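Good morning, and thank you for coming.

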Amino acid sequence: MANATGRPTAPLILNEAEREYLERQMRKHRVARSMSERCRIILRCADGIACKVVAGELGVHKHTVGDRR
């Protein structure tokens, strides 16, 4: 997605093994909440969703999404 007003972001591309690892970490019950949140952010960004939209969906600040990205 193009970001017309801010700094352009490079597409985030994950291979199958990376995606599987992140999804597995996200589903674990004994993983820290921060790790689960990071995994969700990375997966949503890899799906091509804008940082601002991801932040709204997950209830975090857009700068947090940018840092995790």
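Helix α1 has 12 residues and reaches 17 Å from its first C-alpha to its last, close to the 16 Å expected at 1.5 Å a residue; that expected span is 1.5 Å times one less than the number of residues. Helices here are DSSP runs of H or I with at least four residues, and strands are runs of E with at least two, numbered from the N terminus.

Please note that this is a predicted model, in which local features need pLDDT of at least 70, side-chain atom pairs count only at pLDDT 80 or more, and totals for chains, interfaces and linings use all residues. Residues are numbered from 1 along each chain as its sequence is written, and side-chain values use heavy atoms, with hydrogens and water left out.

Residue E16 belongs to α1, which covers residues 16-27. Is E16 buried or exposed? E16 is exposed, because its relative accessible area is 53%; exposed means over 50%, buried under 20%, and partly exposed in between, with a 1.4 Å probe and protein chains only.

Now consider S36, which lies in helix α2, residues 33-46. With a relative accessible area of 9%, S36 is buried. Leaving aside neighbours within four places in sequence, S36 is in contact (heavy atoms within 4.5 Å) with M26 and V31.

Finally, the protein as a whole comprises 4 helices and 0 strands. Of its 69 residues, 17% count as buried. Its C-alpha trace spans about 40 × 25 × 15 Å along the principal axes.
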